[in-house]
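Please keep the sequence and the structure in view while reading.

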Amino acid sequence: MTASPVEHSHVPHFSRRRRLAENRYIRDRWRDFLSVDHRGMMTIEGVPVDRIVKKYSTPVYVMVESKIRRNFRRFKKVFGDKIKLQYAVKCNSNLQILRMAREEGFELDCSSVGEIILGLLADFKPRQLSYTNLYKTEQDLHFAVKMGVQSITADSIEDLWHIAETAKKLRTQVRTVIRVNPMIEIRNYSTKGNKYGIPLKQVMEAVEIAAKSPFVDFRGFHFMGGYIYSPWTLRSSARVLVNIIRECQDRKIPIKTLSLGGGFPAAIGDQSEFPVEDLTSFPKYFQRLLDRSGVTIPIQLIFEPGKSIVLHAGVGLMHVVANKEIHHRNRMIIADGSTYNFIPDALVQSEVRYDILPASKMFSPRVHKVTVGGNTCDCWDLITKGIEMPKLEAGDILAGMDVGAYAQVLANNFNTIKRAPVVLIHENGTLKQIRRRDRYSEMFAPELDVLKMADPNELEYYNNLYRVNIDKIWKGQGKKNGAAKGK
Ligand SMILES: Cc1ncc(COP(=O)(O)O)c(C=O)c1O
């Protein structure tokens, strides 16, 4: 763990108080980068969060580089060099994180042309990008084919025909993968209601279409099963897919690849998860399955982890702006972030309770229940409900934990509020901004471009007015009245 730079020997009982605070608020999964300084202020990689919010204002996301890299390396260690790993861009598409994925030896799983372009901007080669989604336009296919991506996934029979027909128009062959819904059910887990993939009973029909089309270079299969609760679900899907591969082999249709997608667990709040290390035996299990089924052609296995790499590396810092007493045992804390603009997953997965920590009062015990309300004018905008917190007041700092995945990418401009910046913190405590706050000009552009209701000067006038340094005006006023003397 990184030592806090503000640990002073003259502070009595500091170590004990810090240990108490850490035990009270800090879960094991954050211990390698989170601590508390002598004031009870949360530190990330040794940097007190009040320093971070002073520099970047709130709300702000902090992404912890060491945690992300460690997670990339854990996957590499578990799956070895023989299994291809493709980071799922959708869960956090920041260019700096994509660059880290490349440095750590990952390829990319892209779900749109936009994500393919981001991959190219992060210096991936087109052959390192696979393109998997449910529908693409002719324009999308043209672009992906012209770029030469690794493969394009057909999610339905219609999608497969669409790929074949577009390839014919382009007079080319498209490297194509068929996405399968294996229709498995195991304990509480089932893919039967999933929207992804071609249902098992139609798969061989799709295979025949792909294998017979001169415009389809049929490569293999893909499976994405949503959230994986146990290693058994992966084993179970692998069994079904290996049977399909065997059937293809019998029909003399060669298969080269099998992707078993993402969905590796990563806990939010007190959810439980199994560590990726529980899959250490999977590569051997898969090889045994192939051997037992008599599959003799080599199959390139692929995984596409997303949230399990970045979720726990994200901390969302906000300020408390109000504390309203609803009942003597229940308070409404208003933060300057929201579910819409900052932690949208809190709204999407309403059954999940995010950990919100009292980042500037880590020495204070939990004394009463609070609901943390977001700052938008919408009554559903509650970041978390019924969590025990210390007494908080306006100006205190809150840390929304586990916001590294599906937060920055889902955040929107509801209430015409700017989305927050993202700061990367290195292991040595240096900070690097990797995304700035939105600008009004870019938020309004899609309407102003077509409605032509304002010219750039008009927009600039409002922008400049907004950006005026209120502090300077205030101090200036004070001097005039003689009130700010000595300040
Ligand atoms: C095709 C595909 N691969 C990978 C992922 C990543 O999943 P996760 O972030 O749960 O690992 C997704 C997520 O929806 C997906 O659709």
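## Salt bridges

Glu247 and Arg251 are joined by a salt bridge between their side chains, with an N to O distance of 3.0 Å. The model is a predicted one. Glu247 is partly exposed, because its relative accessible area of 33% lies between the limits of 20% for buried and 50% for exposed residues. Arg251 is likewise classed as partly exposed, at 36%. Elsewhere, Glu65, Arg69, Arg73, Glu103 and Glu104 form one network, linked by salt bridges that share partners. The count of salt bridges in the model comes to 31.

Another salt bridge connects Lys212 with Glu208, whose closest N and O atoms are 3.4 Å apart. Why are Lys212 and Glu208 separated by about one helical turn? The two residues are four places apart in helix H8, which covers residues 203-212, and therefore about one turn lies between them. An α-helix has 3.6 residues a turn, so residues three or four places apart point the same way. The two partners fall into separate exposure classes: Lys212 is exposed at 65% relative accessibility, whereas Glu208 is partly exposed at 21%. A further salt bridge is formed by the side chains of Arg219 and Asp217, at 3.3 Å from N to O.

## Helix H3

Which residues of H3 are buried? They are Glu65, Ser66, Lys67, Ile68, Arg69, Asn71, Phe72, Phe75, Val78 and Phe79. Glu65 and Arg69 also belong to the salt-bridge network described above. Just after the helix, Gly80 adopts a positive phi of about 70°.

## Surface patches

A patch of positive charge on the surface brings together Arg239, Lys284, Arg288 and Arg292. Helix H10, residues 282-293, supplies the largest share of this patch, namely three residues. Lys284 is located in helix H10. With a relative accessible area of 63%, Lys284 is exposed, because the class begins over 50%.

The surface also carries a nonpolar patch of about 260 Å², made by Leu95, Ile117 and Leu121. Leu121 belongs to helix H5, which covers residues 113-121. The relative accessible area of Leu121 is 56%, and the residue is therefore exposed.

## Backbone features in loops

Most residues other than glycine have a negative phi, and most peptide bonds are trans. The peptide bond from Thr58 to Pro59 is cis, with omega near -5°. Pro59 is situated in the loop between helix H2 (49-56) and strand E4 (60-64).

Met183 is not a glycine, yet it has a positive phi of about 50°. The loop that holds Met183 runs between strand E9 (174-181) and strand E10 (185-186). Met183 is partly exposed, its relative accessible area being 33%. Arg187, also not a glycine, has a positive phi of about 50°. The position of Arg187 is in the loop between E10 and strand E11 (189-190). Is Arg187 buried or exposed? At 70% relative accessibility, Arg187 counts as exposed.

## Buried strand residues

Gly220 is part of strand E13, residues 216-222. The relative accessible area of Gly220 is 0%, so the residue is buried. Gly220 and Val149 are 71 residues apart along the chain, and 15 Å separates their C-alpha atoms.

Tyr87 lies in strand E5, which covers residues 84-88. Tyr87 is buried, because its relative accessible area is 0% and the limit for this class is under 20%. In sequence, Tyr87 and Pro275 are 188 residues apart; in space, the distance from C-alpha to C-alpha is 17 Å.

Note on methods
Residues numbered from 1 in each chain as written. Predicted model: local features only at pLDDT ≥ 70, side-chain atom pairs only at ≥ 80, totals over all residues. Heavy atoms only, no water. Buried < 20%, exposed > 50% of the residue type's maximum accessible area, 1.4 Å probe, protein only. Patch = residues over 30% accessible without salt bridge, like charges linked within 9 Å, V, L, I, M, F, W, Y side chains within 5 Å. Areas by Shrake-Rupley, 256 points an atom, 1.4 Å probe, with all protein chains shown as cover. Salt bridge = Lys/Arg side-chain N within 4 Å of Asp/Glu carboxyl O. Lys, Arg positive; Asp, Glu negative; His and termini not counted. Charge placed at Lys NZ, Arg CZ, Asp CG, Glu CD.
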